[in-house]
Amino acid sequence: MPTCDLLFLNGQLIDGTGAPRRAGALAVDGGRIAAIGDCAGWEAGRVIDAAGRVLAPGFIDVHTHDDSALLKTPAMPAKTSQGVTTVIAGNCGISIAPLVPRYPLPQPLALLGEVPDYRFATVAAYRSALEAAPPSVNVGLLVGHSTLRAGAMQDTSRAASAGEIEAMSAALAQALLDGGLGLSTGLSYPASRAAPTAEVVALARVTASHPGAIYTTHMRSERDQVIEAVRETLQIGREAAIPVVISHHKCIGRRNFGKTTVTLELIDRALATQDVALDVYPYTASSTVLLPEFVGDAERIIVTSSQPHPEQARRDLHEIAAEWGVSLEDAAARLGPATAIYFQMDEADLRRVLGHPRTMIGSDGIPGPYPHPRLWGSFPRVLGHYARELGLLTLEDAVRRMTSLPASVFGLPGRGMLREGYAADLVLFDPDGVIDRADYTQPCEPSVGIEQVYVNGCEVWGRAGATGAAAGRFLAR
Ligand SMILES: [Zn+2]
C-alpha cells in the first residue's frame with residue numbers, strides 16, 4: 001500500500017494552468033506532490049477532508065519588497081495568510097544585496113531598511129543568511145539596479161561612467177551566478193532616474209547572458225510619459241534580447257487615466273516578437289517613498305511613516321501641510337525619509353491591466369507597522385472581489401496568474417502547478433468565502449477563506465494562523 005505524509009480528499013483541484021477545476025485527491029510525500037487522482041488505497045500520516053474547498057498551487061507574489069522582512073519576521077504572516085508560498089524580492093531596482101554601503105543611501109533604498117540592514121556584500125551572503133534561518137516562504141531575488149549604483153557610485157544623480165558600468169556588470173554577473181533571477185530597475189527614483197537607456201541596456205545584456213534571467217522594471221514614468229516608458233522598456237528587451245516584466249503597471253494622475261488602452265496595445269504588438277509580462281496589485285492607491293516630486297498628481301496622500309516625524313504617521317499630508325502652513329511639496333520634504341499612500345489611479349485602468357492575459361499578481365507590499373492594505377490583501381482580493389464578485393476573471397484564470405504564469409516567467413521549475421513530482425507548495429481555500437479584509441484604516445487584517453497553506457509540504461498557515469515553520473527555500477535560477 002503506498003504511503004504519504006499528507007492526503008487531501010474530496011477537494012476541487014485547480015491545477016494552475018487555467019484548466020477547469022476537477023474533483024480529486026492529492027497526496028504529498030517528502031515535500032513533493034506524490035500523486036493526483038483518486039489516490040484510493042493510499043495510507044497517509046494526515047488526511048485532510050477538502051470537501052467544498054479548492055486546492056491549488058501556492059501563490060507566487062512576484063512583486064515584493066520583503067528582502068529584509070524575510071529575516072526579521074520569518075513567519076511572514078502577511079504572505080502566508082494570503083496563500084502565498086513564494087515571494088520575489090529585489091523589485092523596483094532595490095535589492096538588499098549585493099551592497100555594503102560606503103556612501104549615504106540614495107532614495108528609495110530606505111524602503112528596505114536602514115544602513116545596517118544592507119550588510120550583504122554578495123547575493124550568496126544573503127542566501128546563506130536565509131538558509132541559516134529559513135522563512136516560511138520560498139524566496140527568489142532580483143538584483144536591483146539602484147543597489148548596484150549605490151555600490152558603484154558615490155553620486156547617483158548622473159549617468160554611470162564606463163568604469164562604473166563595468167563595476168556594476170561584474171557585481172551583477174556574480175549576483176546572477178549566486179542565484180539571482182534577473183535584473184530589476186526603478187528608473188523613476190532618484191537613485192536611477194539619471195541612468196540613460198544605454199546604461200540599462202548594458203546591464204540587461206549582462207543579465208541576458210545568464211540563461212533564464214529576466215529584466216523587470218518600475219518604469220521611468222507611470223505618469224505623463226508612461227507610453228514613452230513602455231516603449232523604452234520594450235526597446236531594452238529587444239536590444240538586450242531579454243524577457244521583460246513591467247512592474248505594477250498603472251497610469252498615475254487624472255490626465256493619464258485611460259492610457260492603458262495604448263500601453264496594452266503596444267505590449268500586444270510587441271508580444272509577436274518579444275517576451276513581455278506585467279504585474280499589478282488590485283488597488284487604485286499606490287504606496288512608496290514620500291518625495292516632493294510625487295505629490296502633485298494624487299487626490300489624497302496618507303503618510304505611513306516618517307523618520308524625523310513619526311508622530312505624523314497615519315495622517316493626511318494635506319492636513320499636515322495646512323497645519324505647518326507650507327506647500328505639500330515642502331511638507332513632504334520635511335517628513336522625509338518617509339513613506340506614503342497615494343490615491344491617484346483609475347479603476348478602469350486597473351481592470352484593463354488585470355484582465356490582460358500576461359498579467360501576474362504582485363502585492364508590492366512594503367512591510368511596516370502601517371502598510372498599504374495590498375501587503376495583506378492582494379491575493380484574496382483578486383480571488384474574492386475581482387474573480388468571484390465582479391466576474392472579471394474566472395477563478396481558474398486568477399489562480400493561473402498567481403501560479404504557473406509567474407513560475408514560467410521567473411524561471412521557477414517544478415513549482416506553480418499541481419503535477420506529480422512538483423514541490424508541494426499548496427493552498428486550500430474556500431472559493432465562496434475568500435476575500436481580503438485589510439483596508440486603509442485596518443491595513444494588517446488577515447483575509448478570510450484561506451484555510452491551509454503548505455510550503456514544500458510543511459504547513460505554514462492554518463486554523464491557528466502562521467505556524468512559523470521554517471519551510472522556505474532560496475530559489476536560485
Ligand atoms: Zn515599484
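## A buried zinc site

Cys 92 is buried, with a relative accessible area of 3%, and His 248 is buried too, at 2%. (Buried here is under 20% relative accessible area, exposed is over 50% and partly exposed is in between, using a 1.4 Å probe and protein chains only.) This is a predicted model, where local features need pLDDT of at least 70 and side-chain atom pairs count only at pLDDT 80 or more, while totals for chains, interfaces and linings use all residues. Residues are numbered from 1 along each chain as its sequence is written, and side-chain values use heavy atoms, leaving out hydrogens and water.

The zinc ion gets its protein donors from Cys 92 (SG), His 218 (ND1) and His 248 (NE2), at 2.0 to 2.2 Å. Donors are N, O and S atoms within 2.8 Å of the metal (3.2 Å for Na, K and Ca); water isn't among the atoms, so sites may look incomplete. Cys 92 sits in the loop between strand 7 (84–89) and helix 3 (123–132), and His 248 in the one between strand 11 (244–246) and helix 8 (260–270), so the pair ties together parts 156 residues apart in sequence. Helices (H or I, at least four residues) and strands (E, at least two) are DSSP runs, numbered from the N terminus.

## A kinked helix

Helix 12 has a kink of about 50°, centred on Arg 381. That bend is the angle between axes fitted to the seven residues ending there and the seven starting there. As for cover, 14 of the 16 residues in helix 12 are buried. Gly 391, with a positive phi near 70°, follows helix 12.
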